[in-house]
Amino acid sequence: MIFLITSRLHLSCSLICLLLGCEYAESVLAKVGTDVSLTCNYDARRYGRLSACWGRGAIPNSGCANEVLKTDGTSVISRLSERYLLMGNTGEGDVSLTIRHVVEKDSGTYGCRVDIPGWFNDQKQEVTLSVVPGPPNPVRVEMQEVKERTITVRWTPVFDGGKPITSYVIDLKNKQASWDTTFRTPVSNPDLTQVTLVDLRPAKAYNLRMFAVNSVGMSGSSNVLTVTTKEAAPEGPPLDMQLQALSPQSIKVTWKPPRADLRNGVLRSYTISYREYDPASRLFRRWQHQTVAATREIESIILINLKPSAKYGVIIQAKTNAGIGPASTAPLCSTLGEIHTTSAPATMKSTSPAATVWLPDSTSSSFISGRPDPPVVQLRKVKDNTISLFWTPGFEGSSPITGYLLEYKAVNASWDYTKTVVDFSPNQTEATIIEINPSTYNIRMFAKSSLGTSKASNVLTVTTGEADHQWDALSTTAPTDTHSAASVEEGQSGHLVAIVVPVVLVLLIVAIVITWQLRRIRQRKGSLNMWLSSGVIKYRGSDSLQEL
């Protein structure tokens, strides 16, 4: 009984639809840029192929309002735009409307009318379409250029999702790490299509991806690039370099590779450079070079055909395919002396003074760093407000001296408040200073080379003034403050001894001769008084070089 009642109601509804024409309504939500299908079907097996139309707005009593597409049941006979298509099987009664790449203005009501034969038989269906903007489409990123410390990527502009793209986001991480550790870089200019990432490490593998952003949200991830930066020359020197004299003609050199994070690539080889130091001229002889393949964690080489009892300087540099790195240094090393004895070699090595590694004074770093020794500054003349100086250059180190710096200040001031800094060429060895305001000043000098600045020289204390005034002329003192322009260390230079000792011997000989002459004069004339009028100059001696 229930089934019979239901069937009669369905039949009644169908009869009403046939008499009045049925209208169905539905709603569709779509994102900007997508393709949308608005459904409309009829019973083609019953009616055969029928004409139909689609329009925008409510369906009128006949036809379609604001018609966008019309079909005769076999093919499309008119359309408002190429974006409107019938993608279904019209032979089976599928006249659903497809709209390509919808935009927000496509939103609204669409009506479908199927022309069924007979009075008031047309099938009518309305669809409400809502188009909303969405995030941009994912970016396709490509590699443009790869260097040692930079990579350049580019991309093509993509569909913005219905809202303008406002920025991009670039994620970069180490290849072996997770994206949780990514370094995220925003690109605020939406018009860019290329960007360069800097401050990367050489010979390192990275992963990179991108996102586009608009006011709605962020796009999906781009494709992921895997890139390895190019190699560079090592940034660190070899470590733990040691020199050991084995015989009068050989020295063994051992070292370890540079720190792993400073190698900047695969180490291919090491360059070992060595040269003899000549104590007489205080100069190094010409470099000699050898190359060792980089194969182990502890490398070594034996330098042969050296001179007995000679001092040698050695430096080592690591090399990649991209270049050579900074040098490691060690104190000078002396070969063993030629000792004619039947003692065992081990005994010779331990007892011969030449077998030990030569170390400069603990407070001197000229040999270690290659920086020059400071000059020895002396006073030539003080007259009125004019100070005349001259200086003797010290040992130049591993690189020629490129100039000198002279500093002077008030005697009661700190070196941090140096009054004047004057540059001199490497060929100059004397200078005259004119000071307008009479006072007492401290003067010191530095030698410069491509490897750095020397320690400070001895410090002169000079008093200038008018004629007929007595000047507290010159004293050499140990500096007590540091100056920001030169980093210096306290200590006595071993090489200054080679200058001072001959000078002292000459002065001693002159003093003996003068004393002898005075005794002869006294024997003849009795006595002799010696003085200097109008400006006595007192020289109180030259202390050893000390740190500021």
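Good morning. I begin with Thr152, a residue of strand β11, which covers residues 151–155. Please keep in mind that the model before us is predicted.

Is Thr152 buried or exposed? Its relative accessibility is 6%, and because buried means under 20%, Thr152 counts as buried. Around Thr152, leaving aside residues up to four places away in sequence, the contacts are Met143, Gln144 and Glu145, together with Gln194, Val195 and Thr196. With Thr196 there is also a polar contact between the two side chains, at 2.8 Å.

I turn next to strand β3, residues 52–56. Four of the five residues in β3 are buried, so the strand is mostly covered. Which strands pair with β3? One is β4, residues 67–71, joined to β3 in the antiparallel sense over four bridges; here Ala52 stands opposite Thr71. Another is β8, residues 108–114, also antiparallel to β3, over five bridges. In that pairing, Trp54 has Cys112 of β8 as its bridge partner.

My last topic is an open sheet. Three strands form it, in the order β17-β18-β22, with antiparallel pairing. From one strand to the next, the twist averages 15°.

Within this sheet, β17 pairs with β18, residues 250–256, over six bridges in the antiparallel sense. Leu239, for instance, stands opposite Lys256 in β18.

Thank you for your attention.

Terms used
Residues are numbered from 1 along each chain as its sequence is written. This is a predicted model: local features need pLDDT of at least 70, side-chain atom pairs count only at pLDDT 80 or more; totals for chains, interfaces and linings use all residues. Side-chain values use heavy atoms; hydrogens and water are left out. Helices (H or I, at least four residues) and strands (E, at least two) are DSSP runs, numbered from the N terminus. Buried means under 20% relative accessible area, exposed over 50%, partly exposed in between (1.4 Å probe, protein chains only). A polar contact is a pair of N or O atoms within 3.5 Å; within protein, one must be able to donate a hydrogen and the other to accept it, and residues adjacent in sequence count only if both atoms are side-chain atoms. Contact means heavy atoms within 4.5 Å. Two strands pair if DSSP finds at least two bridges between them. Axes are lines fitted to C-alpha atoms, for helices over the stretch in contact, and angles run from 0 to 180 degrees between N-to-C directions.
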